[in-house]
Each structure stands twice: as C-alpha cells, then as structure tokens.
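Take a look at the model below. This report walks through a few of its local features.

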Amino acid sequence: MYYSEITKIIEAGLDRDKDKVVNYALLLAKKLNQDGDEKSSKRITSVLSRKNNGSAITDALVAPPVDQESRMGIVDIDYKPVVPQIILSESTRARLDDFENTIKIKDKLDDLGMPFNMSLLLYGPPGCGKTSIANYLANKLELPLVTARLDTLISSLLGNTAKNLRRVFDFASRQPCVLFLDEFDAIAKARDDQHELGELKRVVNSLLQNIDAYCQHGILVAATNHQELLDDAIWRRFQTIIEVPKPNPNEIRLLFGNITNALDMSHIIPKQFSIIIEQLNGLSYSDIQTLTQNVVKQMIIKDETIASSFDFLCEIAVFKYHGNVDRQELIRYLLKCGLAQRAIAEYFHVSQRQVRNCLNSKGDE
C-alpha cells in the first residue's frame with residue numbers, strides 16, 4: 001500500500017541521499033497517520049528525530065538548483081500553496097478530481113499491474129485557471145509546489161538548458177512535491193519547426209527522457225496557452241490531458257456573483273445584470289476578476305457605496321478597448337447594450353440631446 005514511498009526510501013538509502021530518505025520517510029509517516037496507524041507514524045518520526053540529534057524534522061525541501069551561468073535559482077517553491085477560487089465546468093472539474101483521486105490509489109494500481117503515469121497537461125487560453133489548478137492540486141495533496149522558472153531555466157549557453165531541465169527534475173525527485181512547468185511550449189516545441197536551432201531539439205529530447213523517468217513516482221503538471229506548438233511526442237507522455245477553456249455564461253454568472261458578493265448591488269435590476277453577464281462573455285476568469293476589482297477601486301476613489309450597472313459596463317468597455325475609449329464611445333456602447341437614454345444622461349451629467357447626438361454621430365457606423 002505504501003510501496004511508492006518505501007521504494008523511494010530504499011533507492012535514496014542505496015544512493016546515500018539523506019535528504020531524500022528524510023523527505024519520503026516523512027511522507028510515509030503522514031500517510032500512515034492519515035490511515036489511522038498513528039503508532040507506526042510516530043515510530044518513524046521518532047527515528048528521524050533521534051538520528052537528527054534530537055532536532056525537529058520538518059518538511060523543508062533540499063537546496064534548490066541554480067543556473068550555472070547566472071547562479072540564479074531555476075525553481076520557485078511554495079511550501080503551502082494557497083487554494084484559489086476555482087470555478088470550472090463540470091467536465092473539467094470531474095477530470096481534475098479523477099486525476100487527484102487516481103494519485104491517491106496509485107499503490108493499488110501498481111499492485112494490479114496497472115502503473116499510472118502521474119502527469120497532467122493543462123491547455124487553453126491565458127487567464128482561465130491553469131496556474132490556479134496547479135496550486136489547488138498541491139494544496140489538496142498536501143505537497144509543496146515546485147515551479148520551474150523559465151526565465152532562468154532557458155540558458156543563453158548552448159547545452160545549458162537541457163542541463164537545467166535535468167537539475168529541475170532531479171531536485172523534484174528528491175522529495176515529495178508537485179512539479180509545475182508553466183508556459184510549457186517554450187521548452188516542448190515541435191522538433192520539426194524549421195525556424196528553431198538544433199539546441200531546441202536536444203532540449204525536447206531531454207525533456208521526454210526526464211518525464212519518462214520522473215512521472216513513475218513524481219507528480220508533474222504542465223500548462224500551455226499554445227498547445228498547437230507542442231511536439232507530438234509530448235502529448236503521448238501525459239496520462240491526463242485537460243482543456244481549460246474560457247467560462248461559459250453560467251460559469252460567468254457564478255464567478256461574477258462570487259466576486260461581487262461583498263458589494264451593494266441593489267440598484268442593478270435583473271435585466272441589467274443579464275446585460276452585464278452577456279458583455280462579459282468571451283473574457284477569461286482573470287479578465288473578469290481584474291475588471292471587477294477596477295470597479296471596486298473606482299467606487300472607493302469616488303467614495304461610492306452602491307454599485308450600478310453603468311459602473312460595470314463602462315469598465316467592460318474600457319477593458320475591451322484597452323483604455324482607448326472616450327465619453328462619446330462609452331455612451332454609444334451603453335446605448336447598444338440597451339440602457340435608457342435618460343439614465344445614461346444622468347450618469348454622465350449631460351442632456352438627453354447630447355446622448356442622442358452620440359447615437360447619431362459617425363462613430364456609430
């Protein structure tokens with residue numbers, strides 16, 4: 001039942017790797033305690049403490065690797081990842097839960113001769129929750145999150161990138177953790193790309209070898225916004241592949257309601273609320289959160305306590321047009337959204353004639 005941890009401890013002992021022995025022994029003790037075998041758990045931690053001259057044993061990771069050229073760290077470590085607010089489609093949530101639950105029964109699958117490759121590839125538009133999912137998984141599994149830093153992992157020296165990759169996987173294999181490779185396409189591009197040098201092909205070959213070796217006992221999560229760039233062989237290395245798309249209207253409604261839960265939105269009637277949700281369609285989770293925070297910021301600046309539909313729709317317009325929008329364009333946008341001319345005039349402190357002029361102006365074409 002605990003073959004994975006025991007195997008790692010034996011391997012580390014034969015390699016005289018004390019740090020790896022300690023970390024996997026701690027994981028074994030934690031699992032025993034969770035399964036109700038408190039006596040065995042305490043026995044393991046007692047041995048570890050005694051062999052450590054009575055000093056407390058913690059879950060601290062071994063010294064992180066650095067790029068030999070710049071001497072900068074090539075991983076970031078989050079020992080207790082914060083659980084973010086994740087709103088996912090039912091199908092995405094189900095597949096994520098299945099991956100998590102399968103990790104927990106890996107020993108049983110091994111016993112049945114069904115080895116499970118603990119690798120997960122997430123793909124989809126930016127801002128839709130891929131990084132949040134990695135944090136969520138690490139938190140649920142009660143493991144540190146080790147994130148590869150691509151800015152230092154990819155070295156300017158020929159051959160160093162592949163070596164850095166090896167250092168990252170070696171480091172992650174020495175203790176229980178979730179290894180996260182974000183912006184995965186930067187190191188996993190198709191090897192038939194004529195615009196890439198031979199170095200990238202060597203990097204991809206090294207990556208494939210490291211994934212094969214690591215994922216039998218280690219947990220790997222990779223994420224990309226550009227799945228079309230990935231090498232064909234990369235797809236075959238991942239046991240679980242999940243698309244993380246932009247939210248649909250129902251998910252937008254739920255997310256928007258959660259984010260604005262603390263706001264007084266009593267002045268927004270159901271029809272206006274539906275207009276806001278409609279205008280948010282096509283945006284990512286991150287986009288929706290950002291523009292909602294901007295509304296709250298503007299309310300604080302204006303010393304207002306009650307949010308209006310105009311506050312949100314104007315912010316949506318500013319966001320969609322990247323800030324390059326004047327008052328006339330805002331008025332035309334609000335008119336297209338179906339808001340009344342009188343209400344728009346009151347919001348901008350102008351006459352209804354001025355609002356109608358905006359509607360009839362050339363910019364409406």
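The backbone nitrogen of Ala-233 lies 2.9 Å from a polar atom of the Asp-231 side chain. A polar contact is a pair of N or O atoms within 3.5 Å; within protein, one must be able to donate a hydrogen and the other to accept it, and residues adjacent in sequence count only if both atoms are side-chain atoms. Asp-231 is found in the loop between E5 and helix H10 (232–237). Helices (H or I, at least four residues) and strands (E, at least two) are DSSP runs, numbered from the N terminus.

This is a predicted model: local features need pLDDT of at least 70, side-chain atom pairs count only at pLDDT 80 or more, and totals for chains, interfaces and linings use all residues. Residues are numbered from 1 along each chain as its sequence is written, and side-chain values use heavy atoms, with hydrogens and water left out.

Is Asp-231 buried or exposed? Asp-231 is buried, because its relative accessible area is 6%. Buried means under 20% relative accessible area, exposed over 50%, partly exposed in between (1.4 Å probe, protein chains only). Leaving out residues up to four places away in sequence, Asp-231 touches Ala-188, Lys-189, Ala-190, Arg-191 and Val-204. Contact means heavy atoms within 4.5 Å.

| Residue | Relative accessibility |
|---|---|
| Cys-128 | 1% |
| Asp-231 | 6% |
| Cys-337 | 11% |

Now the cysteines. The whole structure has zero disulfides, a disulfide being a pair of cysteine sulfur atoms within 2.5 Å. For Cys-337, the nearest cysteine sulfur is that of Cys-314, 9.3 Å away.

Next comes helix H15 (residues 327–336). Its buried residues are Leu-330, Ile-331, Arg-332, Tyr-333, Leu-334 and Leu-335. They pack against helix H12 (270–280), helix H14 (309–320), helix H16 (341–348) and helix H17 (352–360). Asp-326 caps the N-terminal end of H15, with a side-chain oxygen 3.3 Å from the backbone nitrogen of Gln-328. Just after H15, Gly-338 takes a positive phi of about 95°.

Which elements each supply at least two residues of the lining of the second largest pocket? They are helix H6 (130–140), strand E5 (219–224), helix H11 (249–259) and helix H13 (285–301).
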